[in-house]
Structure formats: structure tokens, C-alpha cells
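Here is a short note for a colleague who is new to this structure. Please read the points with the model open beside them.

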Amino acid sequence: MKIRVLSRQDKDYSRERKNDIHKTSRNLSQDAHPFARAREYTRALNATKIDRLLSKPFIASLSGHVDGIYCLAKHPTTLNTIISGSADGDIRIWDLSTQDCRWNTIAHKGFVRGITFVPFKDIFLSTGEDKTVKMWSMGSKTPINTFLNANAFTGIDHHRSDNVFVTSSVKVDVWDHSRAVPITSLSWGAETVTTVKMNQTETSILASCGTDRTIILYDLRTSMPIKKNILTMASNAIAWNPMEAFNFTVANEDHNLYTFDMRKMDRAVNVLKDHVSAVLDVDYSPTGTQIVSGSYDHTVRIFNSREGSSRDIYHTERMQRVFCVKFSMDEKFVFSGSDDGNLRVWKANASEKLGVQTNREREAIKYSKALKEKYKHMPEIRAIDKHRRVPKAITSATRIKRIQIESERTKEENRRKHSKPDTIKRQAERKKNILVTE
């Protein structure tokens, strides 16, 4: 005769310590929980509301410049260091942990047009409209070296591993630390090269934008240009994806950002919209999944690199035209420099809690994110998650821009209706702004 008895061990239901959570057993069968989906939806809705309620992205405004900030550079290895350059030639090194300026000097006469760190040394380079490039040691107010040119510089960037840097002016010049004249000069018909950036993965490739609406790629191994695109409007800035070596994004005057694959330049990989004025700067996060942009419309927008619309918009009442933006090296912060002379620090995720988190907090945040991701397609949750308070001027400009785009589309359709078949062909959104590819 078999006798079944209930048996349970103390360790299966009792706590080891007094502060531990009580152990509970649950029946995971869906038949036993008919309202589980409704409870999950309510939790996702509440998590979305709390997320928007706690969205306070602004952290600090670092003041000290007396003119607009036109360039920024983040330290490649130190998280709490950033350098800014302004229109009056002033360069400042900021300590982000104390929010203080720990070094400053009048480095150039006139605008500071570019600053870049040497990745493998504790020095940085600056360039300005006074036709000089100066090499600085951190903390020293006397430049280590000065490089002269016949024309005013508009940008600068450094090679990842060699003592080589590039500058832009009427052409792209390649310099060596130990030589006073460029070792190579590159050009392909541009009137003035407005910016230049080196690929930090494929280190022999660099890209430039010009006033003649061109985007040109160069190869340092052959000292020759390799590809050129001409867009409908000029591009103001360029940024390489740090994780996808072939992809880069340009900030354009037509209010959009265009992501290209340098292997196939006849169409954009992605078009990022939402700005209502010229986009002046762009930067990638270290993981390459997010893009931050600054615009003439006084706003900073953050995009997911695979999506076409911004996931967040940052602005303040006093912030003016945003000339430069940067992601921090840990992807948690965004920096913006504007025409009002302030360097602003923002959270990359507006509702993220700063500081130390307990294990329970981390698990709760992870669970809330999973719920929001699961129910993000629901109309109520989607509407709450996408709602942003934006200035009235931005709202009005967005409405006017939408009407203009719809009018152009209607006009094109009417022209197509009253023309012979196939005489007016449809153009893909990612191709129509590219005029020439060489």
C-alpha cells in the first residue's frame, strides 16, 4: 500500500535573512490568470506615465564664455573632461564632476573653428580663423607647437593611432606633428571645405563637406579622393558611426540628416527628419545606436540611428542657436554649445535616475522597460510616450512645413496626372536629394 504525504523543506519557503523578500510560489498557467494581460497593460500604461512625469533631462549650464560656443571636444579616455571653444578665441577645459572651468586661455584671434584630442597622448589641437593650428598640453597656457597656413581653417580632426591630423580650409591638408608644412593636400573642386572628419575604424578614410554642396571621401593610402556626392543643399557637419565603419551621417541645410554607406553613395541609408531649420552639428553615441543633432531652431534632438524621427527633443527658454553637440563616452550624457555662450549638460535618457541603484530598483526598471516595449504599439501608450512640450515657434514651423510638403506632393501628383504616362517618374525619398554621384 502506497501512502502519499505532503512534504516540504524549510529552505524552499523560508528566508535566510530577515531582510530578504518572502518566497512565494506561483501557478504560471495562463488558465489560472485570466486577467494577466489586463494587469500587464495597466502596469505598462502607468510605467509610461511615470516615465514622462520624471523626464527632466537638463542637468547643468556651464557659463564662462562671453561669446557663442562654436566647437566642442570630448576626452577619449576621461569621462569628466570636455573642451569648448568660442567665437572670441577663448578655449576652456571643463571638469564635469565639479562643473567648474579648470583651465582657459585666449588661444586664437577670432573664431575657434575646431578642437580635437590626440587619442593616445594628453594633448589637444585647436584651430581658428587666424590661420593657425596650435598644439596644447593639458594645463599649459603656452602652445607646444604652432602650424601656419595661408588660409583660415574651418575644421580639424586627428588620426586614431598615428601622429597625423587633417584640417579643412580651401582644401583638405594632412599634417604630421613633426613637420611645419602639410605632407599632403587633397581637393576635388570644392570652393571651401567646411568640415572634415577621419574614420576612427577604417583609419585611412576621411570625409569632408564643402560649400558647393559636396560630400567627398578621401583615401590617405593613395592620397586621392575616391567618391563625391552633390546634394540639393550644403552640409554643415559630418560624423562617422564608431561601430559600423562604412556608415556616416551628415547634417544638412534642408533641416534633415542623411546617413550614407560609403560603398553605395547613390542613395541614403536613412533620412532623419523633425528639425524645422538648418542642422548645424551631429554626433554618434559610442555604441553607434543613437545620434544627437543641434539645429538653428534652438533645439537638440536625439534619434535612434535606425529610425527616421527623433525620440526626444531638448530645449530651454534661454538657449539660442545650437552650433555644436556631443555624446559623452559612456552614452549617458549629451553636451550642447549654443550662441548664448553656455555649455549645457543633458541626460541622454530624460527619465533615467542618476546615482547608485539597488538591485530591486534595477529589476523594477528593467521590468518596466520590457512592459513598455511590449505594449508600445497600443494607441494610448504610444500617444503618451511620444508627447513632448515644445516651444510655440517650433510647433508653428512644423505645421507650416507639413503644409508645404503636402502642397508639393499634391502639385507633383497633379502634374503626373496631366502628363503622358511615365514622363514624370517617382523618386525615392532617400534618392531625390542626391543630384550627382561620382
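1. Start with K372 and D51. Their side chains meet in a salt bridge, 3.5 Å from N to O. The pair links distant parts of the chain: K372 sits in helix α3 (residues 359-374) and D51 in helix α2, 321 residues apart. Note that this is a predicted model.

2. Are these two partners buried or exposed? K372 has a relative accessible area of 19%, so it counts as buried, the cut-off being under 20%. D51 is buried as well, because its value is 16%.

3. Compare E16 and R17. They form a salt bridge whose closest N and O atoms are 3.8 Å apart. E16 is exposed, with a relative accessible area of 68%. R17 counts as exposed too, at 53%.

4. D266 and K264 give another case. Their salt bridge has its closest N and O atoms 3.7 Å apart. D266 counts as partly exposed at 33% relative accessibility. K264 is partly exposed at 48%. Elsewhere, salt bridges that share partners join E412, E413, R416 and R426 into one network.

5. How many salt bridges are there? The count comes to 24. As a general point, side chains of opposite charge can pair when their charged atoms come close.

6. Now the chain as a whole. Its secondary structure comes to five helices and 29 strands. The C-alpha atoms fill a box of roughly 100 × 70 × 50 Å along the principal axes. Of the 438 residues, 43% are buried.

7. Look next at the second largest pocket. It holds about 1,400 Å³ of space. The lining has 48 residues, and D157, K197, I238, D283 and K326 lie nearest the centre. By class, the lining has 24 nonpolar, 15 polar and nine charged residues.

8. Which strands supply that lining? At least two residues each come from β2 (69-74), β6 (112-117), β10 (155-158), β14 (193-198), β18 (235-240), β22 (279-284) and β26 (322-327). β18 gives the most, with six residues.

9. The cavity is a separate matter. The structure holds one cavity of 30 Å³ or more. The largest cavity has a volume of about 40 Å³. Its lining is K74, H75, T78, L79, T81, I82, L96, S328, M329 and F335. These residues divide into five nonpolar, four polar and one charged.

10. Return to helix α2 for the surface. L53 lies in this helix, which spans residues 36-53. L53 is exposed, because its relative accessible area is 65% and the cut-off is over 50%. I50, L53 and L54 form a nonpolar patch on the surface. Together they have about 320 Å² of accessible area.

11. Finish with I400, in helix α5 (residues 392-417). I400 is partly exposed, with a relative accessible area of 47%. How far apart are I400 and V276 in sequence and in space? They are 124 residues apart in sequence and 9.5 Å apart in space, C-alpha to C-alpha.

Technical notes. Residues are numbered from 1 along each chain as its sequence is written. This is a predicted model: local features need pLDDT of at least 70, side-chain atom pairs count only at pLDDT 80 or more; totals for chains, interfaces and linings use all residues. Side-chain values use heavy atoms; hydrogens and water are left out. Helices (H or I, at least four residues) and strands (E, at least two) are DSSP runs, numbered from the N terminus. Buried means under 20% relative accessible area, exposed over 50%, partly exposed in between (1.4 Å probe, protein chains only). On a 1 Å grid over the protein atoms alone, a cavity is a set of points where a 1.4 Å probe fits but cannot get out, and a pocket is an open set with protein on both sides within 12 Å along at least five of seven lines; lining residues have an atom within 4 Å of a point. Grid points are joined across faces, edges and corners, and a volume is the space filled by probe spheres set on the points. Ala, Val, Leu, Ile, Met, Phe, Trp, Tyr, Cys and Pro count as nonpolar, Asp, Glu, Lys and Arg as charged, and the others, Gly among them, as polar. Patches are made of residues with over 30% relative accessible area and no salt bridge: like charges are joined within 9 Å, nonpolar side chains (Val, Leu, Ile, Met, Phe, Trp, Tyr) within 5 Å. Accessible areas come from the Shrake-Rupley method with a 1.4 Å probe; for residues, only the protein chains shown count as cover. A salt bridge is a side-chain nitrogen of Lys or Arg within 4 Å of a carboxyl oxygen of Asp or Glu.
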